[in-house]
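Here are some notes to read alongside the model. Keep the structure open as you go through the points.

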Amino acid sequence: MEGTVFTASLEGMKHVKSPEGEMLTKQFLEVCKLILPVIDKFGASMALVKSDIGGNITRLENKYLSNPAEFNHLYSMVQAEIVAKTTKSSSSCTNGLLWLTRAMDFLVELFRNLVSHPDWTMSQACTDSYSKTLKKWHGWLASSSFTVAMKLAPDRKKFMDVISGSGDVNADMEKFCFTFSPLLEENHKFLASVGLDDMKAS
C-alpha cells in the first residue's frame, strides 16, 4: 500500500473543520471510519472496540443523512436532542458521539504508547491505554470483557509490520495522535459545556 494505514486518515483530518472552525459531521465520521482498518489488524482483541465504534458511526451517520443541511455540523445533533430532551437515551446521537470519542481516546493513547514505549508488549500498551481512558466509564462486565480481550492482543512486531506499508509508521502514528487529540478534546469540551460528558456505561 502507498504510505501507512494512517495516511488516509491524516489527509482526512485536514478537512474536518469548516472555514469558520466548526466540526463537520461527514468529515469527522469519515476520519473515524478510516481508523477501522487499523483496528482490524488487532484481530479478536479489538472486536468489541470495532463493533462499538462501527455502531456509533452508523448511528451518527444515519442522523446526518436524515437531514444533511441541518446536521452538517457535528454538534447540531446534540443540540437538537437537548431541545427534544432525548440526550440521555442509550440510542441517542449524544451517547453515540460521547462513546465514539472515548473509543478514539483509547486508540490515540494506544498509538501513543506504541511510539513512546518500544519495549512494551502489545498487551501492556493496550492495558495501559484502557486504564487511562475507557476503564473509568465502564461497569464491571464491560471492564472484565475488555481485560480478557486485551490478552488476545497480537504480537507487536507482526502488527507493526502489517500496518507499516511503504511509509514511516512511527512518524505517522505520532502525527495522527498529535492531530487527532485536539479534535477529540474539542468534542469533550462541547459535551462538558452542556453537562453531558460524564455518562457511564449502563
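**A helix pair and a pocket**

1. H5 and H9 run roughly antiparallel to each other, because their axes cross at an angle over the 145 degree cut-off for that term. The crossing angle is roughly 150 degrees. The two axes come within 9 Å. Bear in mind that this is a predicted model.

2. Two packed helices are described by the angle between their axes and the distance between the axes. H5 passes H9 in a left-handed crossing.

3. Which residues of H5 and H9 make the contact? From H5 they include Leu97, Leu98, Met104, Val108 and Phe111. From H9 they include Met173, Phe176, Phe180, Leu184 and Leu191. By class, the contact residues divide into 13 nonpolar, 6 polar and 4 charged.

4. Now look at the second largest pocket. It holds about 260 Å³ of space. Its lining counts 15 residues. Lying nearest the centre are Asp105, Lys132, Thr133, Glu185 and His188.

5. Which elements give two or more residues to this lining? They are helix H5 (93-116) and helix H9 (169-193). H5 gives the most, with 5 residues.

6. Check the classes in the pocket too. The lining has 8 charged, 4 nonpolar and 3 polar residues.

7. Two residues link the points above. Asp105 of H5 and His188 of H9 belong to the helix contact. Asp105 and His188 are also among the residues nearest the centre of the second largest pocket.

Notes: Residues are numbered from 1 along each chain as its sequence is written. This is a predicted model: local features need pLDDT of at least 70, side-chain atom pairs count only at pLDDT 80 or more; totals for chains, interfaces and linings use all residues. Side-chain values use heavy atoms; hydrogens and water are left out. On a 1 Å grid over the protein atoms alone, a cavity is a set of points where a 1.4 Å probe fits but cannot get out, and a pocket is an open set with protein on both sides within 12 Å along at least five of seven lines; lining residues have an atom within 4 Å of a point. Grid points are joined across faces, edges and corners, and a volume is the space filled by probe spheres set on the points. Helices (H or I, at least four residues) and strands (E, at least two) are DSSP runs, numbered from the N terminus. Ala, Val, Leu, Ile, Met, Phe, Trp, Tyr, Cys and Pro count as nonpolar, Asp, Glu, Lys and Arg as charged, and the others, Gly among them, as polar. Axes are lines fitted to C-alpha atoms, for helices over the stretch in contact, and angles run from 0 to 180 degrees between N-to-C directions. Angles under 35 degrees count as roughly parallel, over 145 as roughly antiparallel, 65 to 115 as roughly perpendicular and the rest as oblique. A crossing is left-handed if the near helix is turned anticlockwise from the far one by less than a right angle, and right-handed if clockwise. Contact means heavy atoms within 4.5 Å.
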